Amino acid sequence: ITRHRPATNGIAERFIERLKEMLAGKEWRNGEELRVILEEIIAEYNDAPHQGLDGLSPNECEKRLMCAVSG
């Protein structure tokens, strides 16, 4: 993240806030359990629509970009 770039900082801050929300209801006892939880959260996050991607999920956006590049 580039310093002194409000738009970029806002995106990062929204991501951190969302991550905190997603972790709030979870419990883990060790690093391995936390790793599994984080993998689940990442998958959920990447499948959810994002305002900054015009309502697309990161996964859907990536698929469209890959099709545009290969097509």
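Visitor: Which helix gives the most to the lining of the largest pocket?

Guide: First, a friendly note: this is a predicted model, where local features need pLDDT of at least 70 and side-chain atom pairs count only at pLDDT 80 or more, while totals for chains, interfaces and linings use all residues. Residues are numbered from 1 along each chain as its sequence is written, and side-chain values use heavy atoms, leaving out hydrogens and water. Helices are DSSP runs (H or I, at least four residues), numbered from the N terminus. With four residues in the lining, the helix that gives the most is H1 (residues 6–24).

Visitor: What is the volume of that largest pocket?

Guide: On a 1 Å grid over the protein atoms alone, a pocket is an open set of points where a 1.4 Å probe fits, with protein on both sides within 12 Å along at least five of seven lines; lining residues have an atom within 4 Å of a point. Points are joined across faces, edges and corners, and the volume is the space filled by probe spheres set on them. For the largest pocket this comes to about 370 Å³.

Visitor: How many residues of its lining are nonpolar?

Guide: The lining includes Ile11, Phe15, Tyr45 and Leu53, along with Arg14 and Arg18. Ala, Val, Leu, Ile, Met, Phe, Trp, Tyr, Cys and Pro count as nonpolar, Asp, Glu, Lys and Arg as charged, and the others, Gly among them, as polar. Three lining residues are polar and two charged, and the nonpolar ones number six.

Visitor: What distance separates the end C-alpha atoms of helix H2?

Guide: Helix H2 covers residues 31–47, which is 17 residues. The expected span is 1.5 Å times one less than the number of residues. That gives 24 Å, and the end C-alpha atoms agree, being apart by 24 Å.

Visitor: Is Arg29 buried or exposed?

Guide: Arg29 makes a salt bridge with Glu33 (3.6 Å, N to O). Buried means under 20% relative accessible area, exposed over 50%, and partly exposed in between (1.4 Å probe, protein chains only). Glu33, at 25%, is partly exposed. At 75% relative accessibility, Arg29 counts as exposed.

Conventions. Helices (H or I, at least four residues) and strands (E, at least two) are DSSP runs, numbered from the N terminus. A salt bridge is a side-chain nitrogen of Lys or Arg within 4 Å of a carboxyl oxygen of Asp or Glu.
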